[in-house]
Amino acid sequence: MNAVVLDGFLDETGQDALAALRDALGSARFEVEVIALRTKTIAPCVGCFGCWVKTPGECVIDDEGRDVARSLARADVIVHFTPVTFGGVSSELKKALDRIIPNISPFFAKVQGETHHQKRYAQPPSLIGLGVLPTPDREAEALFKTLVEDNATNLRSPRTAVAVVALDRPDTFKEILHGLVEAVTR
Amino acid sequence: MTQRQALLLVGSPRGIENSTSGRLGGQLLDALERRGLKTQRLHVHEAVRSSQGLETALCAVGTADLMVLSLPLYVDSFPAPVIAFLEHVARSGTRRERVQFALIIQCGFPEKEQNETAIAIARRFASEVGWTWLGAIALGALETRGGSVNDAFDRAAEALAKGEPVPYVPVRTTMPAWLYRLGGNFMWWRVAKKNGTAGRLRAKPYAD
């Protein structure tokens, strides 16, 4: 199995958590690809829907956003790794997430009582959301978890696991991250 | 008494003139102008494209009394350039008392409830930068035009002009969700047919 980690940090702040994540994924025998989005040229989505109706399944913008979408389409597990930003994800992570809509179908379906899009690929990846905060913050954590669950519904992920780690509690990383990986593999 | 200033931040990649976000935000701003506020409009995507554009936008944010962010829901949240802009605002560290903040958000699905997480993120942003949260006008895909939408915007402008929270005003939906899904699916097929791609709408270019 393979896991693709979208690293949405602007700097090296989250590296200890990322190392613990690599370790947890490695222990579960995942091949791990980490994409440091800060090093990638990914233009903002222009909202043209060309990825659905002009070049179905591929963004019309020819940059590294396409490479990210390709990696995610072939992943068993994807990880949204981000500093929790206003309870959501960072702009670095979001610039990639906005460009992966070619990986779902334009066609609508009713999912859990709401309108969402159909799958493009038969087996969408499971989703891990890993947020990082300087210190524990219950409100931000709850909001981040809701956002990741919403993302999983839209991506049609079969399994979802979310956690937020606090940088002032590195002693908790190992247990939390092993728990996350176990939740999407059990 | 100093004239209050309202700043509209349009967070759609399609710009101020060509987007639903620009039209809806403009509708609110016009209503605020009629109530005596001085107004200004900015396109967020344009602002974050250059350091000069960013500086100009941050200056405008620094002088406005009421900020209205108008945008489409993108993957359960805001478009990336909008988050980048809000990160810049937060980093600029200019906490000003009595700055008010409201949101206009519309999603591509008929259920306006799908905007709720994004609204909570906007509220959290306001809290982090010390602005006063005045609420959101949240719209589904079928609710961006019509008499009840106009009524909601008039009532929102009336409240915001007085510095009060956006009131809840029910907006009439023009068709049931199932019909929207059916019509939407036909629309995708019809557009693809024009593009000569109808047979490839379910293509899997990244399949192993």
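Colleague: Is the crossing in which helix 1 of chain B passes helix 6 of chain B left-handed or right-handed?

Modeller: This is a predicted model, where local features need pLDDT of at least 70, side-chain atom pairs count only at pLDDT 80 or more, and totals for chains, interfaces and linings use all residues. Residues are numbered from 1 along each chain as its sequence is written, with chains lettered from A and ligands numbered from 1 in the order in which they are written. Helices are DSSP runs of H or I, at least four residues, and strands runs of E, at least two, numbered from the N terminus. The crossing of helix 1 over helix 6 in chain B is right-handed.

Colleague: Which residues of helix 1 of chain B make the contact?

Modeller: Contact requires C-beta atoms, placed from the backbone, within 7 Å. Helix 6 of chain B contributes B:Phe153, B:Asp154, B:Ala156, B:Ala157, B:Leu160 and B:Ala161. From helix 1 of chain B come B:Gln27, B:Leu28, B:Ala31 and B:Leu32.

Colleague: Which pattern does chain A follow along the sequence?

Modeller: Chain A has six helices and seven strands. Its C-alpha trace spans about 50 × 35 × 35 Å along the principal axes. Read along the sequence, the pattern is β-α-β-α-α-β-α-β-β-β-α-β-α.

Note on methods. Left-handed = near helix turned anticlockwise from the far one by under 90°. Contact = placed C-beta atoms within 7 Å.
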